[in-house]
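Thanks for coming, everyone; I would like to take a few minutes to walk through one model with you. Please have a look at the sequence and the structure before I start.

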Amino acid sequence: SEYRTCLYSCICSSLCLHGKVEMVEIFKFLGVHITNDLLWTKHIEATAKTEHQCLDFLRRLRKFGKSPMTLTNHYRCTIECVLSGCITTWFGNSSVQERKKLQSDAQ
């Protein structure tokens with residue numbers, strides 16, 4: 001009971017500032033960039049940037065002669081993880097151009 005009261009007061013104090021809600025343009029929650037207009041452009045840009053970094057590292061591994069199994073494991077553990085993070089939230093609401101950008105980068 002005391003724990004729940006403390007948890008509730010901590011959550012409320014972090015959400016409200018003296019009874020006012022602070023308005024921000026972009027907020028990152030659980031790795032997802034949420035904008036105040038609920039467009040996913042910023043999140044997709046951040047995802048594409050992370051994907052490019054992971055692909056660059058994958059290319060370096062290939063250049064150093066790592067085995068295909070190592071390359072596959074790296075792809076599945078990093079790049080697929082980045083692309084599939086909260087995909088049910090943002091992929092359906094993204095534009096065709098944004099989808100094509102991510103899909104072409106992953107291939």
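So, how many helices and how many strands does the secondary structure of the protein come to? There are 5 helices and 2 strands, where helices (H or I, at least four residues) and strands (E, at least two) are DSSP runs numbered from the N terminus, and from that end the elements run α-β-β-α-α-α-α.

A word on the basis: this is a predicted model, in which local features need pLDDT of at least 70 and side-chain atom pairs count only at pLDDT 80 or more, while totals for chains, interfaces and linings use all residues. Residues are numbered from 1 along each chain as its sequence is written, and side-chain values use heavy atoms, with hydrogens and water left out.

Let me begin with the strands. Strand β1, residues 26–29, pairs with β2 in the antiparallel sense over 4 bridges, pairing being called when DSSP finds at least two bridges between two strands. Phe27 stands opposite Ile34 in β2, and in the hairpin, which has 2 residues between the strands, Leu30 takes a positive phi near 55°.

Turning to the interior, 21% of the 107 residues count as buried, meaning under 20% relative accessible area, with exposed being over 50% and partly exposed in between, for a 1.4 Å probe and protein chains only. The largest nonpolar core has 13 residues, and those with the most contacts inside it are Trp40, Ile44, Leu58, Ile79, Trp90 and Leu102; such a core is a set of buried Ala, Val, Leu, Ile, Met, Phe, Trp, Tyr and Cys residues joined through side-chain atoms within 4.5 Å. Helices α2 and α3 each supply at least two residues of this core, and the largest share, 6 residues, comes from α2. Leaving aside its neighbours within four places in sequence, Leu58 is in contact (heavy atoms within 4.5 Å) with Leu71, His74, Tyr75 and Ile79.

His52 and Leu102 are 50 residues apart in sequence, yet their C-alpha atoms are 9.9 Å apart in space.

Finally, among contacts between residues at least 6 apart in sequence, 47% join residues at least 24 apart.
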